[in-house]
Amino acid sequence: MSQKVLLTSKEVNIILHRLACQLIENHLDFSNTVLIGIQPRGTYLANRIKALLENDYHIKEVKLGFLDITFFRDDFRRGEKQLEAHETQIDFLIEDKKVVFIDDVLFTGRSINAALTAIQSFGRASEVELLVLIDRRFSRHLPIQPDYRGRQVDAINDEKVIVSWNEKEGEDAVYLI
Amino acid sequence: MSELSVNHLLGIKYLKKEDINLIFETADYFKEVINRPIKKVPSLRDVTIANIFFENSTRTKLSFELAQKRLSADIISFSASQSSVKKGETLIDTVNNILAMKVDMVVMRHANPGAAYFLSQNVKACIINAGDGSHEHPSQGLLDCYSIKEKLGEVGGKKVVIVGDILHSRVALSNIYALQLQGAEVKVCGPKTLIPRYIESIGVSVEPNLRKALEWCDAANMLRVQNERMDVNYFPSTREYTMQYGVDKALLNSLEKEIVIMHPGPINRGVEITSDVADSQQSVILDQVENGVAIRMAVIYLLASKLQK
């Protein structure tokens with residue numbers, strides 16, 4: 001199984017800084033904005049972005065929540081895969097707030113479609129944007145595009161893009177396998 | 001493991017410990033869902049469920065209906081008193097007629113023990129047993145254990161006493177199986193006439209004295225006297241039953257430690273439990289009802305994910 005490195009640890013970190021700066025350009029002091037990490041793997045990216053915004057760029061108190069979309073997926077009972085839920089943790093209302101979904105890889109767009117339905121359970125957002133680390137171009141099944149992208153990647157369907165994080169796998173890197 | 005080892009929920013006796021852990025984990029997520037502003041998830045949009053109750057029910061019927069609605073399933077409810085069963089239609093015919101309308105799952109409560117199992121062998125649908133006579137009431141057993149886990153942190157190693165009419169109680173048997181599967185120690189307490197003979201053979205010990213039982217336990221599950229199932233008098237009078245086996249605040253306060261009080265409902269206030277106990281801080285009776293919806297959502301969701309498309 002060949003494994004190609006798409007992004008090294010250094011490149012990932014530069015990209016994270018760039019994404020944080022792009023967010024600040026649009027959302028300024030984040031007083032009206034909340035970040036929502038999509039479970040399970042968007043949570044690491046979301047935590048890192050929040051840490052960067054608060055520690056490196058001195059934004060006071062960025063609101064962060066985690067959204068699990070398992071029960072809103074459109075492939076329930078349709079595949080061999082057993083669905084495994086994770087925790088949803090949103091301790092604030094999103095009514096009239098700007099929401100930024102954060103996920104590691106944007107592939108078909110179905111997860112984000114599910115997230116758009118799921119987030120309605122928490123109120124009516126004034127705006128929803130999408131931030132992803134990797135955008136798999138030309139793989140979309142739905143008309144969904146990111147507002148903030150780390151790196152655009154062309155990959156064929158049976159290839160997988162794996163994002164590894166320091167907190168979980170011991171290093172920040174993106175692989176194509 | 002992320003799927004159940006069974007295709008129906010007929011009784012706790014068919015479940016493994018891993019199944020119970022999976023149900024509890026899934027129920028945690030659904031408990032969060034039912035506390036959101038919009039309490040629905042669309043997962044079971046394409047599933048139709050029939051609730052067939054041949055015996056009366058408030059809690060169980062409403063709890064199942066609510067769980068199904070929160071999962072966005074289509075539901076039809078049927079109570080035997082208003083149906084063709086009165087005209088002599090058999091159980092299998094009744095259910096097959098309903099299934100012909102493309103119903104995927106059946107939740108049934110029936111007066112005969114083994115009715116749910118019988119149905120699962122004879123019709124093509126996923127069957128959930130909502131109580132079969134005095135045999136099992138698996139969703140109640142699960143939610144009782146879940147409530148203990150919520151209040152005490154875990155079920156393994158805990159001591160639970162079930163008090164009251166054990167002989168006629170399906171809640172008792174399901175609770176016994178579920179608690180033992182998770183490593184709890186179980187005692188039963190009640191009038192000798194209402195304790196099944198040979199109950200020790202399923203690993204349960206008997207404590208005839210209520211005070212001693214409460215001193216021993218971490219949690220007490222109080223059962224209602226099942227008058228409707230009694231063919232003879234099992235004790236001289238309700239008053240005598242209450243004096244010996246009813247719990248009041250004075251008794252609770254006199255114990256050395258604070259125990260958890262549970263009751264599957266409906267409560268006969270003043271008989272097995274007084275109002276001040278039922279409404280006290282130690283009682284998780286209303287939590288049991290909330291947990292019931294989450295547990296039933298988890299069970300229905302997990303069983304539905306095994307339905308053939």
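Predicted model: local features only at pLDDT ≥ 70, side-chain atom pairs only at ≥ 80, totals over all residues.

A: The contact between the chains draws 15 residues from chain B and 15 residues from chain A. On the chain B side, helix H1 (residues 17-33) gives the largest share, three residues. Sorted by class, that side of chain B has seven nonpolar, four polar and four charged residues.

Staying with chain B, let's turn to its helix packing. Helix H5 (residues 138-152) and helix H11 (residues 285-304) of chain B pack with their axes 9 Å apart, at an angle of about 120°. H5(B) and H11(B) are therefore oblique to each other, and their crossing is right-handed. Among the residues that meet are B:Leu142, B:Tyr146 and B:Glu150 from H5(B), along with B:Asn291, B:Ile295 and B:Val299 from H11(B). The residues of this contact divide into five nonpolar, five polar and four charged.

Now for the backbone. Most peptide bonds are trans, and most residues other than glycine have a negative phi. In chain B, the bond from B:Gly265 to B:Pro266 is cis, with omega near -5°; B:Pro266 sits in the loop between strand E9 (260-262) and helix H10 (275-278). In chain A, a cis peptide bond joins A:Gln39 and A:Pro40, with omega about -5°, and A:Pro40 is in the loop between strand E2 (33-38) and helix H2 (42-56).

Chain A also has A:Leu28, whose phi is positive, near 55°. A:Leu28 counts as exposed because it has 11 C-beta neighbours inside 10 Å. A:His58 likewise has a positive phi, near 55°, and is exposed, with 8 other C-beta atoms within 10 Å.

Conventions
Residues numbered from 1 in each chain as written. Chains lettered and ligands numbered in written order. Axes fitted to C-alpha atoms, helices over the stretch in contact; angles between N-to-C directions. Helix = DSSP H or I, 4+ residues; strand = E, 2+ residues; numbered from the N terminus. Parallel < 35°, antiparallel > 145°, perpendicular 65-115°, else oblique. Left-handed = near helix turned anticlockwise from the far one by under 90°. Contact = placed C-beta atoms within 7 Å. Nonpolar A, V, L, I, M, F, W, Y, C, P; charged D, E, K, R; others polar. Buried ≥ 20, exposed ≤ 12 C-beta atoms within 10 Å, placed from the backbone.
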